[in-house]
Amino acid sequence: LDVDGHSLAALRDAFRIAAATQGRPTVLIAHTVKGKGVSFMENNAGWHGKAPSEEQYRQAAEELTAGLAVALGAAGAADPAGEAAAFGLLNEKEGN
């Protein structure tokens, strides 16, 4: 199954198809973009394996949280902003 690896709805549907497939293995190929959703990292190979500074981390976390809320809304989440915040991107590195 070929799928947009950045689309929660497409991934959900592909996993459902894979789960329903019986008698043979299922391969899921998720097409993605390195650094997707972070303005200064997206499609920038220089960030592969490189840790961001604290400020860059905060900016990336804010951009990813905002993008996740949009993606969850598109996937039909009841409270996309709340669900995105529940991932705790900003609090994770701070140890909260």
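**Close-up views of side-chain contacts**

Arg12 is partly exposed, with a relative accessible area of 32%. The structure is a predicted model, in which local features need pLDDT of at least 70, side-chain atom pairs count only at pLDDT 80 or more, and totals for chains, interfaces and linings use all residues. Residues are numbered from 1 along each chain as its sequence is written, and side-chain values use heavy atoms, with hydrogens and water left out.

**View A. Arg12 and Asp13 form a salt bridge.** The N to O distance is 3.4 Å. A salt bridge is a side-chain nitrogen of Lys or Arg within 4 Å of a carboxyl oxygen of Asp or Glu. Side chains of opposite charge can pair when their charged atoms come close. Asp13 is partly exposed at 36% relative accessibility (buried means under 20% relative accessible area, exposed over 50%, partly exposed in between; 1.4 Å probe, protein chains only).

**View B. Lys36 and Glu42 form a salt bridge.** Their closest N and O atoms are 3.7 Å apart. Lys36 is partly exposed, at 39%, and Glu42 is partly exposed, at 31%. The search of the whole structure finds two salt bridges.

**View C. The count of aromatic pairs comes to one.** The ring centres of Phe40 and Trp47 lie 5.4 Å apart with planes at 65 degrees, so the pair is edge-to-face. Rings of Phe, Tyr and Trp (its six-membered ring) pair if their centres lie within 6.5 Å; planes under 30 degrees apart count as stacked, over 60 as edge-to-face and the rest as tilted.

**View D. Lys50 lies over the face of Trp47.** The distance from Lys50 to the ring centre is 4.7 Å. A charge sits over a ring if NZ of Lys or CZ of Arg is within 6 Å of the ring centre and within 35 degrees of the ring normal. Trp47 is buried, at 13% relative accessibility.
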